[in-house]
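Please look through the sequence and the structure shown here before reading on.

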Amino acid sequence: WRSSATCKPWQSGRFLPRLWERCQPPSRKGINTTAGQGQQVGTQEKQVLENLEMPLARRETESLFQEQPETGNQYLEDALLRSYLKTHLPPKVLEEVDQDLERFGNRLLTKIRPLGWECELNPPVFRQYDAWGQRVDQIVTCSAWRKMKEIAAEEGLIAEAYERRYSNWSRLHQAVKLYLFSSCSGGFNCPLAMTDGAAKVIESLGIPGSLKNAFDHLTSRDPKKFWTSGQWMTERRGGSDVANGTETVARKQPDGTYRLYGFKWFTSAADSDVTLTLARVADAEGHVKQGSSGLSLFFLKVRDEEGKMNSIQVQRLKDKLGTRQMATAELWLDGAKAELISAEGRGVASISNMLNITRIHNVIGAVASMRRMISLSREYARRRVAFGKLLKDHPLHMQTIARMEVQTRGAFLLLMEIVRLLGLAETNMASEQDQLLLRLLIPVAKLYTGKQASAVVVEAMESFGGQGYMEDTGLPVILRDALVLSIWEGTTNILSLDVLRSLTKSQGEVMSVFFSTVQKKLELASSAAKLEPAVKRMRVAISSLTRFMQAAGSKGALTMELAARDFSYSLARIYTGTLLIEHAARPDASSTDISAARRWCNQELCPAATELENSSYEAEEALQDSALVYEGSPAHGSRL
């Protein structure tokens, strides 16, 4: 997009900016994409070159002639999504949701995707002072970003989950719309994640009177009323350790409100209307309590009624690798007026609802980025000619995309399982077992799909050859934005430890629920002959995981900590594989459903058991880990 082209760098219904179109003659012809017509395609490719009536001097600098991949209505082209909805939604709900998603898919194609590209081209700008030297701390966003906010309201991308028109299926309907919206949103999916999280926190508190107005704004379908929310947690010490990293102090005022003082080092969606944040309440002597029990949760408006900053100073906007479309800032809170909304000292517990929602949004973004890249890759394979035939006619190329497709299908079904369980919980229809399973699967899915997304997007980028590396194709944007998914809302290791906490908190009951759920799903598929090898491998993996649990449980805390990552991967692979088997066991399942389940189960399903057998989790190995890392460094030989 650094080109000086005078034409708009996007076209309705297209993914890639067509900056080169201005120099193409009207006589350019496409390449026939009929399968198996390698020789014919080669002839047509020559004909295309012969038809290019341009001087040799120009041809030397503008000689790359490839058809860009074109995708249509995302909903109509997503076979797995449509088959899942047909299988699970009640007929009346399916009829209405299907119509809504087809309409939304058309809007994405013609209106929203071009706006998303415009957001990428016009990132937010920080204007600290006006022309007369007055400090204004204004974050200027582009018109497309503001239009995205209006569209989010109109489409009910937050409201859908809280109106509950479809009872327990409302959350799934919302998640599917967000899944379709994510890769076209120009980064606006991120503020929506935090807005959804804020609404969830307020709802979990019973929507107290003082927050009723805020809740109505956060869940509004009216673009003029709709608010977005930030989530201001990270401070100068940074990271996930909010218990020890939060320095912000809250001082109570005579009117019962609080004033916040502190530095928020990483505030996503800094242009939002409101935010939730953590702080330590100071007592009469000005002392605060340290640790997580000293943290309380606050709600505040970013600007006052006159539009002035709420005693908040913007230090700078972050210069990020990706998600550049969204303003992320460093903020000084210098007496920001706020409302205490949790019980004093219960901030971490109260914010957990927000974290669960934002982690699910992270999964949505991960699956959406994988699906988007595969959609483009498969379309490109129908158009790109190499070595005399289309890419789709090269078996190795198709095998590579197929492997990515299996990963994406598994991730999608895991996402749907989580939002299905969440929908049950939100409508008081979830059993205790459902709630335990949801608590376990959220961090498992977040950590695993984040890693999947990075791997799949990089692999898919490679399928475009050198074009995948070019900024003006838009492909690097998808890669950059995907890389945050394994970092935001907890890194892989942090979430792996959270998985262990869910075991400890339930005293191991969650694993009993996990095993029984998986076994029930496999029983339903046991009569399908074509799935027999996959079911057999899955049962072997379950036995291996059971043995791992027994052996690791007798070895102490260090073993489980060292195994946390592999253990979480094992849970993800086993549960996802079971979901793929379940989907493939449907009476109307396709051969591709069966193939996806079989291929998923051919990978190593329980790496934790394998590594335990390899003695990877012994104390001696932990010492050797440090020795390997620090050999040759100044720290080598010191006590680490």
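Predicted model: local features only at pLDDT ≥ 70, side-chain atom pairs only at ≥ 80, totals over all residues.

Residues are numbered from 1 along each chain as its sequence is written, and side-chain values use heavy atoms, with hydrogens and water left out.

The protein chain has 21 helices and 11 strands. Helices (H or I, at least four residues) and strands (E, at least two) are DSSP runs, numbered from the N terminus. Of the 640 residues in the chain, 54% are buried. Buried means under 20% relative accessible area, exposed means over 50%, and partly exposed is in between (1.4 Å probe, protein chains only). Contact means heavy atoms within 4.5 Å. Among contacts between residues at least 6 apart in sequence, 74% join residues at least 24 apart.

In soluble globular proteins, nonpolar side chains tend to be buried together. A nonpolar core is a set of buried Ala, Val, Leu, Ile, Met, Phe, Trp, Tyr and Cys residues joined through side-chain atoms within 4.5 Å. The largest such core in this model has 160 residues, and those with the most contacts inside it are L85, F514, L545, F548, F567 and I581. Apart from its neighbours within four places in sequence, F548 contacts G553, M560, A563, F567, A608, A609, L612 and Y617. A second, separate core has 21 residues, among them A250, F298, L317 and A338.

Next comes a pair of helices. Two packed helices are described by the angle between their axes and the distance between the axes. Axes are lines fitted to C-alpha atoms, for helices over the stretch in contact, and angles run from 0 to 180 degrees between N-to-C directions. Helix α15 (residues 492-505) and helix α18 (residues 557-584) have axes that come within 8 Å and cross at roughly 90°. α15 is therefore roughly perpendicular to α18, a description that applies to angles of 65 to 115 degrees. On the α15 side, the contact is made by T492, N493, S496, L497, V499, L500 and L503. On the α18 side, M560, E561, A564, R565, F567, S568, Y569 and L571 take part. By class, this contact has 9 nonpolar, 4 polar and 2 charged residues. Ala, Val, Leu, Ile, Met, Phe, Trp, Tyr, Cys and Pro count as nonpolar, Asp, Glu, Lys and Arg as charged, and the others, Gly among them, as polar.

S486 is buried, at 14% relative accessibility. Not counting residues up to four places away in sequence, S486 touches K446, G450, K451, S454, T491 and T492. Q507, in contrast, is exposed, with a relative accessible area of 77%.

Most residues other than glycine have a negative phi, and most peptide bonds are trans. Q507 has a positive phi, near 55°. F387 is not a glycine either, and has a positive phi of about 55°. F387 lies in the loop between β10 (385-386) and β11 (389-390) and is exposed, with a relative accessible area of 83%.

Leaving aside neighbours within four places in sequence, K521 is in contact with E417, Y575, T578, L579 and E582. R82, in helix α3 (residues 79-88), is partly exposed, with a relative accessible area of 33%. R82 touches Y75, L76 and D98, again not counting residues up to four places away in sequence.

The cysteines come last. A disulfide is a pair of cysteine sulfur atoms within 2.5 Å, and the structure holds 0 disulfides. For C142, the nearest cysteine sulfur is that of C119, 4.2 Å away. C142 is buried, at 13% relative accessibility, and C601 is buried with a relative accessible area of 0%.

How values were computed
Parallel < 35°, antiparallel > 145°, perpendicular 65-115°, else oblique.
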